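Have the sequence and the 3D view open while you read.

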Amino acid sequence: MAPRANWKGFLRLSLVTCPVALYPATSESEKISFNQLNRATGHRIRYLKVDADTGEEVPNEDIVKGYALEKDTFIEVTKEELEEVALESTRTIEIDEFVDKSDIDPRYLIRPYYLRPDGKVGHDAFAVIRETIREMGKVANGRVVLTNREHIIALEPLDKGLVGTLIRYPYEVRSEQEYFEEIQEVKVTKDMLDLAKHIVNQKAARFEPEKFEDHYETALIDLINQKRAGKPITPKEKPAARNVVDLMEALRRSVGQEAAPAKAAKPTKKPRKAAAGQKEMLMPIAGKRPAKEAAAKKPAARSQRKSA
């Protein structure tokens with residue numbers, strides 16, 4: 001099934017316009033998730049929307065949005081009134097400026113989206129905008145309305161499409177001074193820096209996300225498999241906390257500790273594709289086909305229906 005677009009509209013650079021669709025570039029659906037249960041019955045917990053005063057359940061059609069002026073005083077705003085707040089960015093991403101990527105503080109980055117032409121028309125205009133951004137080596141900043149809010153979006157070329165990253169507004173980013181003010185001023189000696197740099201050089205590598213494994217997700221899968229198999233759950237011993245008494249000695253030991261595994265390092269095995277999903281490691285339920293077997297038979301079933 002083709003992915004569903006989160007937003008459809010137009011991308012515009014001055015007078016050059018093309019229809020585009022915006023898709024989420026990341027997903028959390030592959031991760032293990034839990035439901036809340038009633039311990040006594042084993043039944044799922046269901047949440048109801050109830051009136052805070054009467055305790056009665058309120059149907060969705062009777063629920064409106066309200067802005068709190070005081071504790072129990074609200075201004076009601078209807079869906080129609082919100083739709084009348086007409087912003088051009090509701091249907092159009094207008095490119096306002098081009099900036100260097102290094103100028104964007106990482107704290108302002110929210111989440112990435114894929115942007116591609118929508119339909120069979122507009123591919124030429126899309127290519128012109130994409131290649132202009134690529135040739136200039138810049139990031140194109142525009143505005144887009146998602147989930148009833150206007151966001152800044154930074155566009156960059158990626159292969160044949162564009163990646164758009166949502167950007168926070170200044171009022172959404174907290175000042176670091178609130179947290180860093182009480183950090184003590186410490187003089188770091190050259191010897192300490194040299195040892196620390198040596199450790200960094202021993203750990204230097206290229207960023208390859210495929211090398212990283214979600215150890216917590218793997219531990220959750222192991223826990224679920226053990227419980228399904230009826231095996232006893234034994235808690236693992238927690239690592240003991242260590243107090244660093246001599247920082248210089250700790251750095252020296254770290255250098256020696258990092259050097260030893262480096263010599264005996266073996267070629268790392270090729271990691272499985274993240275797209276396959278961690279959940280495939282779960283034990284198959286009795287009476288059902290494993291996920292991979294079922295998936296392998298689905299295309300055959302589709303082709304039979306087409307030929308019929």
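D100 is partly exposed, because its relative accessible area is 31%; that label covers everything between buried (under 20%) and exposed (over 50%), using a 1.4 Å probe and protein chains only. Keep in mind that this is a predicted model, where local features need pLDDT of at least 70, side-chain atom pairs count only at pLDDT 80 or more, and totals for chains, interfaces and linings use all residues. Residues are numbered from 1 along each chain as its sequence is written, and side-chain values use heavy atoms, with hydrogens and water left out.

**D100 and its partner**
- D100 makes a salt bridge with K138, and their closest N and O atoms are 2.8 Å apart.
- This pair links distant parts of the chain, 38 residues apart: D100 is in the loop between β5 and β6, while K138 is in the loop between α2 and β7.
- K138 is partly exposed too, because its relative accessibility is 27%.

**Salt bridges in general**
- Searching the whole structure turns up 14 salt bridges, each one a side-chain nitrogen of Lys or Arg within 4 Å of a carboxyl oxygen of Asp or Glu.
- The strands and helices named here are DSSP runs numbered from the N terminus (helices: H or I, at least four residues; strands: E, at least two).

**K8 and D118**
- K8 pairs up with D118 in a salt bridge, with 3.6 Å between the closest N and O atoms.
- K8 sits in strand β1 (residues 7-13) and D118 in the loop between β6 (109-117) and α2 (123-136), so the pair ties together parts that are 110 residues apart in sequence.
- K8 counts as partly exposed at 41% relative accessibility, and D118 is partly exposed at 26%.

- R143 and D96 form a salt bridge whose closest N and O atoms are 2.7 Å apart.
- R143 belongs to strand β7 (residues 139-146) and D96 to strand β5 (residues 92-99), so this pair ties together parts that are 47 residues apart in sequence.
- R143 is partly exposed at 30% relative accessibility, and so is D96 at 46%.
- D96, R143 and E150 are linked in a network of salt bridges.

**A negative patch**
- D51, D53, E56 and D72 form a negative surface patch; patch members have over 30% relative accessible area and no salt bridge, and like charges are joined within 9 Å.
- E56 is in the loop between β2 (16-24) and β3 (65-70), and E56 counts as exposed because its relative accessibility is 55%.

Terms used:
Patch = residues over 30% accessible without salt bridge, like charges linked within 9 Å, V, L, I, M, F, W, Y side chains within 5 Å. Areas by Shrake-Rupley, 256 points an atom, 1.4 Å probe, with all protein chains shown as cover. Lys, Arg positive; Asp, Glu negative; His and termini not counted. Charge placed at Lys NZ, Arg CZ, Asp CG, Glu CD.
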